[in-house]
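Have the model open and follow along.

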Amino acid sequence: MRVAMIGAGYVGLVSGACFADFGHEVCCVDKDPAKIEALNRGEIPIFEPGLAELVAKNVREERLTFTTDLSSAVRNAEAVFIAVGTPSRRGDGHADLSYVYQAARDIAAAMDGYTVIVTKSTVPVGTGDEVERIICEVRPDADFAVVSNPEFLREGAAIADFKRPDRIVVGTEDERAKGVMTDLYRPLYLNQSPLLVMSRRTAELTKYAANAFLATKITFINEIADLCEQVGANVQDVARGIGLDNRIGAKFLHAGPGYGGSCFPKDTLALIKTAQDYEAPIRIVETVAAVNSQRKRAMGRKVIAACGGSVRGKTVAVLGLTFKPNTDDMRDAPSIDVITALQDAGAQVRAYDPEGMAAARAVLPDVHYARDAYDCARGADALVLVTEWDTFRALDLPRLRALLAAPVVVDLRNVYRPEEMRRHGFTYVSVGRG
């Protein structure tokens, strides 16, 4: 099947490469000529494990191409995916749908024959209706269907998530469109991945509901962690004790500095705004967003307390900058709030991240960036572990102890065992292990 992917960002590039690997002919379109030129040279603009190899393979086998020419890509396609950004709109927090609507206008002007237009971007309820209206306005004679097909990709594991999904959500009541979507995802039948067909509005809401629920689990265990510290309990044991209950599940019950990234912050906010517009406020999600925002800054105060109540004139080493491991994504990363809080309190910050330092420099310019974890720790008055990259999970503790000016370690991801850290002479602070 011939597929056009409008938007060669994270979702578009991963989805396009995976569809091509299924055997479809995919053309990824982007308005940024520099990005397309780089992709045609084999340079991948994001860090995602396995993506560079997957793109190279399918380009080599002539199933995956890149262009700035939307018209030619759409004209030849049976399915056109909209995979453009939907950032929080400045001022009111609603999802900015201007890129989606412009893509709809461009697609309408270019499509030829029956075309299934698939919204892959995360969009509020009713966006598909507006996309349909725009296309009818631009091309009253068009033969098309608009489908919602939200993505459920985790950064750092996106290829596996696409190829072995828990479910595939398809929002359409058009039988021809259902047939096209079924053919697109037919290669996943061997994995018995369920294809859930529902109304378009239901599919749009399903994506937001999923992210809001996962954000709620993270925030819940973080608040339980705070209580554990006060009563002398261990949040990791609490998480195991409740996570083994099949009704709850163990995933997303890891206490830490709060959630960040490209999805949870903006999607919870967009859902809150949508619910308010429909006079059906979601108080739980409102609280989740507020608590998470406060928590990230509070982690900076936690570091200051571990340093005796003041970091003025001190150097603090920060390991891990991206919002999670195996990505270079700095969007709403907890490290930003932690570092800003430390700098506001008078600390000098030195940081290291295996993949995120280029992106970090744009948002954290007043940080000294180190060559590696040990260079980061050298002479520091405290070390803070913010992102649990594998390379930080087995640090040489005696070497680390010798490099630090003061043996203070604040582990915001509970990577290390308290008894082991104490045995090596560290003043060790973790999350929820009172």
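About 30 Å³ of space lies in the second largest cavity. Keep in mind that this is a predicted model.

- Sorted by class, that's two nonpolar, four polar and two charged residues.

**The largest cavity**
- This one has a volume of about 40 Å³.
- Around the largest cavity you'll find Leu383, Leu385, Leu395, Leu397, Leu400, Val409, Tyr416 and Met421.
- Which classes show up in the lining of the largest cavity? It has eight nonpolar residues, with no polar and no charged ones.
- Two elements, β12 (382-385) and α16 (397-403), supply at least two lining residues each.

**The second largest pocket**
- The largest share is from α5, which puts in five residues.
- By class, the pocket lining splits into 15 nonpolar, 14 polar and twelve charged residues.
- Both domain 1 (2-198) and domain 2 (212-429) have a hand in the lining of the second largest pocket, with at least three residues from each.

**Helix α13**
- Helix α13 covers residues 334-344, and its buried residues are Pro334, Ser335, Val338, Ile339, Ala341 and Leu342.
- Look down the axis of α13 and those buried residues fall within an arc of 160 degrees, so they line one face of the helix.
- What do the buried residues of α13 pack against? Their partners are α12 (283-306), β9 (315-319) and β10 (348-352).
- After α13 comes Gly346, which has a positive phi, near 100 degrees.

**To recap**
- The lining of the largest cavity has eight nonpolar residues, whereas the second largest cavity has two nonpolar, four polar and two charged residues in its lining.
- The second largest pocket takes at least three lining residues from each of domain 1 and domain 2.
- The buried residues of α13 line one face of the helix and pack against α12, β9 and β10.

Note on methods: Residues are numbered from 1 along each chain as its sequence is written. This is a predicted model: local features need pLDDT of at least 70, side-chain atom pairs count only at pLDDT 80 or more; totals for chains, interfaces and linings use all residues. Side-chain values use heavy atoms; hydrogens and water are left out. Buried means under 20% relative accessible area, exposed over 50%, partly exposed in between (1.4 Å probe, protein chains only). Helices (H or I, at least four residues) and strands (E, at least two) are DSSP runs, numbered from the N terminus. The arc is that of the directions from the helix axis to the C-beta atoms. Contact means heavy atoms within 4.5 Å. On a 1 Å grid over the protein atoms alone, a cavity is a set of points where a 1.4 Å probe fits but cannot get out, and a pocket is an open set with protein on both sides within 12 Å along at least five of seven lines; lining residues have an atom within 4 Å of a point. Grid points are joined across faces, edges and corners, and a volume is the space filled by probe spheres set on the points. Ala, Val, Leu, Ile, Met, Phe, Trp, Tyr, Cys and Pro count as nonpolar, Asp, Glu, Lys and Arg as charged, and the others, Gly among them, as polar. Domain bounds come from an automatic or database domain assignment.
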